[in-house]
Number of protein chains: 2
Amino acid sequence: MNAQSATVTVQVELGARSYPIHIGSGLLGDHALFAAAVGSGQPVLVTNDVVAPLYLETVLLACPAARDQVVVLPDGEAHKSLASFEHIVRFMLERRIERGAVLIALGGGVIGDLTGFAAACYQRGIDYVQVPTTLLAQVDSAVGGKTAVNHPLGKNMIGAFHQPRAVIADTATLSTLPRREFSAGLAEVIKYGLIRDGALLDWLESNLARLLAREPVALRHAIQRSCEHKAEVVAGDERESGARALLNLGHTFGHAIEAAQGYGRWLHGEAVAAGLCMAARMSAELGWLEPADVARVMQLVEQAGLPSAPPADIAVETYLELMGRDKKNCGGRIRLVLLEALGRACVTRDYPDAVLTRVIADAAAGWRRA
Amino acid sequence: MNAQSATVTVQVELGARSYPIHIGSGLLGDHALFAAAVGSGQPVLVTNDVVAPLYLETVLLACPAARDQVVVLPDGEAHKSLASFEHIVRFMLERRIERGAVLIALGGGVIGDLTGFAAACYQRGIDYVQVPTTLLAQVDSAVGGKTAVNHPLGKNMIGAFHQPRAVIADTATLSTLPRREFSAGLAEVIKYGLIRDGALLDWLESNLARLLAREPVALRHAIQRSCEHKAEVVAGDERESGARALLNLGHTFGHAIEAAQGYGRWLHGEAVAAGLCMAARMSAELGWLEPADVARVMQLVEQAGLPSAPPADIAVETYLELMGRDKKNCGGRIRLVLLEALGRACVTRDYPDAVLTRVIADAAAGWRRA
């Protein structure tokens, strides 16, 4: 097996709930891999109408028992809803799907989060396998057991912690991913570098062109390092009472951007990218990062094809209002994940409010005042 | 403190998720007990429009922080739905209730199961306290962490295992419980005796009149023994992979009776009572119980004010169809909990189908052919 075709496996260590993440090119057609991942239960596959024409048949050939048990939902964040959840549950109940069944989530983060939540709640919990087909899902959302649907009043407000049996990340599926979505996934890879891996940041700066060209070996490396980081953090803090919060670097700002615009106008990763730059800038304002560090973050984000500033039309008050609604707050004060250095993040509520509002205002002005 | 007013506490041992069940008369007004049970989180109370006029003010005096955070739902099993779940979630999101909040379920099994499920899923899981006001909830549904809502295609089909922080069972609330509902709760007490406590069966036969008169000391004993049994079983098998299944004695038949009639015509406990008699009779047909044992079960059920036979108008085929849909089945064959002796239950799929259909037919005929 040459470097091009090798599969790597990252293990998420969670005791009885441990599971493997398989990463490689062409895994969707791997019958043995699916047989091991799905086990003996009746598989029920959930996907969407964009992914299905591309990859459904390949997966059904690798996992023939799922052939007559396929739910195809419309594509898009709007369908990460309680209504879609109910649709999956109804499909399974109508077919008398029993507790021993295994859901397979074939798609991006929406399909993965939604299917995982359906698995968490169907008859009080059944198994599921994540088959992520976007970079964002492969490096982030398919790993770690966070499942959810959105509520009109807030994203991911209804959900559960429910770990998959296995994750199968086929890097070949990224070849059909639109450029914007691919870049959105890179935001999370950059995030891992910023939080806990300075070497990954260096590697990204040197290898961004290879990634943007979707070279399998580069993709596998970026996904492997990302999954290793996420697996380590999740193993240490499955239910996000501590260190797992660091994974939200850029996300408190990012969620506010998404919510203010209405979900779907910017991709999650695009909002996170701007949020990463805002967190870096805020860290510099607090004296933790050098201006050169911030410039480096913004350059990497921009070279990855991502926005380094949020849309201009969101008011400071709107940010504060929306960030105050974030799940991770306690006692009313907005908790932020910031950077002590490139490669080292921390959680803090200890900052002058004026600094936060100034950073938001500067960001909204496209950093022109910076 | 005299025997009349004493509170007993049964501990559910589940490691980091252990919790106390407090049982006694007048606990709804116990400020210190609520303070300890709720802790420092913002309490949000969920109840229904039958319980609220009776007990809400008492609880709000004991737990004043909940005063402006009360959800009152219509009474009834029809409201144990995804729609009610969404109503609770929306109420909390509109009020910006954070992850540190604590839901309080004040009511019977519907309110407890529904509120527990909302707690399981709100922002991926928050704490909750069970304050059961029916005998059924005090001896069964409020203990053990099974939460759920119904789906039009099946009862409890959407749910989660999510343990409460504490259970506060005030026996004084049973004084206002309608006779039918009180008897329905007794069905579960009888069940514990049948499954694993012959001495409890003896005690029930001797003390049924005291229970039906709602004597606090007798109630406390029946609830304490029931909770001790449930706590032991749950501690050994939290997610129902083994011994917890024994708690479903009478329930596979019972769920079929409820489903065939449309939920709400018979109370759950009434259907379970008939199911207990069917399980006893089937056990006798297999040679495990004596006819005298069956007669004893039926007599106790009837003296508790419960039906010993199901409605006459449900066909055998309907039972088989509905029992085949039960969550606890594997591989298509109906799993039954039966009795090896009074006080000892077992799970089996090993029985002649003809015996099952004969028992169902005899039961539907009101045991007149028995």
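In this predicted model, 29 residues of chain A are in contact with 29 residues of chain B, where contact requires C-beta atoms, placed from the backbone, to lie within 7 Å. The side of chain A that touches chain B receives two or more residues from each of the elements tabulated here, which are DSSP runs numbered from the N terminus, helices (H or I) having at least four residues and strands (E) at least two.

| Element of chain A | Residues |
|---|---|
| α3 | 82–94 |
| α4 | 109–121 |
| β7 | 146–151 |
| β8 | 154–161 |

By class, this side of chain A has twelve nonpolar, seven polar and ten charged residues; Ala, Val, Leu, Ile, Met, Phe, Trp, Tyr, Cys and Pro count as nonpolar, Asp, Glu, Lys and Arg as charged, and the others, Gly among them, as polar. Because 100% of the interface residues of chain A are also interface residues in chain B, the copies meet through the same surface.

Chain A can be laid on chain B with an RMSD of 0.0 Å by a turn of 180° and a shift of 0.0 Å along the axis, after least-squares superposition on C-alpha atoms of residues with pLDDT of at least 70 in both. That is the relation of a two-fold axis.

The mean pLDDT (the predictor's confidence in each residue, from 0 to 100) of chain A is 94, and 96% of its residues reach 70 or more. The model scores ipTM 0.91 and pTM 0.92.

Residues are numbered from 1 along each chain as its sequence is written, while chains are lettered from A and ligands numbered from 1 in the order in which they are written. As this is a predicted model, local features need pLDDT of at least 70 and side-chain atom pairs count only at pLDDT 80 or more, whereas totals for chains, interfaces and linings use all residues.

Key:
Two residues are in contact if their C-beta atoms, placed from the backbone, lie within 7 Å.
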